[in-house]
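Hi everyone, thanks for coming. Have a look at the structure on the screen, and then we'll talk about some rings.

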Amino acid sequence: MHLLSVENLTKSYGDKTLFENVTFGVGDGDKIGIIGVNGTGKSTLLKVIAGREPADSGAVTAGSSVRISMLDQDPSFQLGETALEHVLAAAGGNADAEELWDLETEAKTALSKLGIQDYGVVTDTLSGGQRKRVAMAAALLRPSDVLILDEPTNHIDNDSVAWLEGYLRKRRGALIMITHDRYFLDRVSNRILELDRGRAYFYEANYSRFLELKLEREEREAASEAKRQNLLRNELAWIRRGAQARSTKQKARIDRFEALKDQAPKNVTGKLDVSVASSRLGKKILELESVTKRFGDRTLIRDLSYVAVPEDRVGIVGPNGSGKSTLLKLIAGTLQPDEGSVELGPTVRLGWFTQEHREMDESQRVIEFIREGAEQVRTADGSLLSAGQMLERFLFPPETQWTQISRLSGGEKRRLQLLKVLMDAPNVLLLDEPTNDLDISTLTVLEDYLDSFPGVVFTVSHDRYFLDRTCERIFSFEGEGQIVQHTGNYTEYREFKERQENGAIGTSGTASETAKKSGGTAAGSSGATSGEGRERQLRMSYKDQKDFEQIDGWIAEAEEQLARVASDMEAASSDSARLQELMSRQAELETKLETLLDRWTELNELAEKIAAQKKS
C-alpha cells in the first residue's frame, strides 16, 4: 500500500545546495536507509519529510489517514514527567484499562531493552543519552504508519542495538532512517537512498547489495566520463588546428565542444585521506596492574591487569554506564585508580577521540580550530601539508574552512575533531564511540588507516561492524566490575558467549583460557572416556550413517538454490515486494546451508576418529 510521496524536493543553505529534485515513494513494508557523506543534508531531508522544516521547492504528500512519527534528536519532556509516563503518553495513554495494561508492559519492555531499568525515574534528572533512549522507546510505541529515525543506534549499547534491529525488522508499516551501523543497515533495510553531490540515487537493495550496485553505477559513470573527456580532447584539437580560420568553422562543431564542456560532473566528491604520520613507540607502552575503580559504593572496574604491545587493537564493550569510558579516562590519566596502577611508557603520545564536542569552541572558524594544533602536519609518506591542505583532504574545501564551527553538521564536527586528534601524530589512540555521527565513507577510511597504524588502539563502541573490522581483542564489562578479556573480534566473542550460555564451555575465563585449562578446544570435544579412563568405542548411529552418505548432495542442492535466488534478486531489483520475498528466502537458505555445513564438519570429524581408533 502506498503511504507517502516525495516529489522534487530541493533544499539549500546559503550558497550550498544540499539536495535537489529528490523524488520517491514510500510503501507499506519499505525500510529505507539513507546514507551519504556528512553535510549532504540527510537529517534535513528527514525533517522536511516529517514536516519539521520547509523545502525550497517540491512537496511531500501523504494519505489523509497516514500517521508520520519522527524521533527528535533533541527530545522535549514535560517537567517532572517520569520515563514510563512519557512513553505511555506517546503510546496512547488514554486507552481503556485493559489496553493500558498491555501498553504498560510494552513500554517497560522497550525501556528496559534500551537500558532504562528505573521506569519511575524523572526525565529531568537523566543524562542526554538516557533521555534519547526514553524518547526512542516512545517513538517505537507511538502509533504510526511511517516511522522516521535519525541515527537510532547512537547512545545505546550492543545488546540494545541487537534488540532494536530485531524489533524494526518485525515492525509493520514503513521505516525511513539514517544510520552508520552497517550490520544494522544490512539486516533491516530493503531500500537504500544515497545522497551524493545534491542528487539522490535509489537502490532496491539492502546495504550489501547496494555496495555492488553503487560500484556498477560508478563504473558506468567513469566510462561515460572517460568517453566525454576523449571526445572533448578531439574537439579541442580540432578547434586549435583551425584557430586562424575560426570564422569559417562549422557552428555545429563549436556548439558540440561547448556542450561537452557543460556535461562535466558537478561538485565531484573528494576522497577522504587519513595519511597522517604517527610518532615512534618505545618498548614500554601501557601497563595496567590490578586496577580497581569505584564510584561511591559501586565498583566499576575490579582488579584489571593488562600489558599493551605494539599494534594491539582492543574493543571495549558492555552496558551503558558500566564503566567503559571510565577505563579510557584511567588510561588517559584524567582519573586515578583507587587501587593498582596505570603506567604509560615515556614515548607514548595519546590521541583521544571523545564522544562530546565540549573541547571545541564553536565560535571559532574551522581553520582556526585546526591551527591551534599545528600549522603543518607530516603525512605517512613524509611530506608536509599545511592546515588548509589537511582540511581539504578531510573534505573541508577552502570555502568551508572559514565557516564557524557552529554552522557545521554534527557529522562534520566529528570529522573535524578526528582530524585534530590525528594531526597530533599519536601512537596510542583512545576512541570513545568513534562511529557516532560519522558517515560510512569516513568510517571506511578510518578503518583502513587503523589497518596500517603501528601503535595501540582502544575502542569503546556499540558498532558491531567497526569492532569486527578493527579489533582483535575484546574487553567485556560483565557486572560488579568484572572485565572479561577475549582474544578475537566482537562476533567471535558473541559466539563464545552463546556457547558458554548454552553450557558448551565453562563459565569463567576467555575462550583461549578455557581451552588451556581443559586441555582441548574451548568448545569441547566429541570424543569421551569412560569413568575408568578407558577409551569408549566410537561408532556412527544409523541416522549418522544415512546423513553422512547424503550430506554432500544436500549441501550442493542448497548452494544451487542460493545461486538461483541471487539471480532472481538481480532480475527483481525494481520490484520491492518480490525482492523482500526473495531476501527472506535467501536468509532461510543461508541458515539451512550453515546448519548443513556444521553437520558435515561434525560427521567428518567423527568418521576420522573412528578410522583412527580402528588403526590403533
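Is W163 buried or exposed? W163 is buried, with a relative accessible area of 19%; buried means under 20%, exposed over 50%, and partly exposed in between, using a 1.4 Å probe and protein chains only.

Quick housekeeping: this is a predicted model, where local features need pLDDT of at least 70, side-chain atom pairs count only at pLDDT 80 or more, and totals for chains, interfaces and linings use all residues. Residues are numbered from 1 along each chain as its sequence is written, and side-chain values use heavy atoms, with hydrogens and water left out.

Okay, rings. There are 9 aromatic pairs in the structure. Rings of Phe, Tyr and Trp (its six-membered ring) pair if their centres lie within 6.5 Å; planes under 30 degrees apart are stacked, over 60 edge-to-face, and the rest tilted. For W163 and Y167, the centres are 5.2 Å apart and the planes are at 40°, so we call that pair tilted. Y167 is partly exposed, at 25%.

Next come Y207 and F210: their planes are at 35° and their centres 5.7 Å apart, so this pair is tilted. Both residues are buried. Ring pairs also bring in Y203, making a cluster of Y203, Y207 and F210.

Last bit: charges. A charge sits over a ring if NZ of Lys or CZ of Arg is within 6 Å of the ring centre and within 35 degrees of the ring normal. K420 has its charged end over the ring of F369, 3.9 Å from the centre. R187 lies over the face of Y183, 4.8 Å from that ring's centre.
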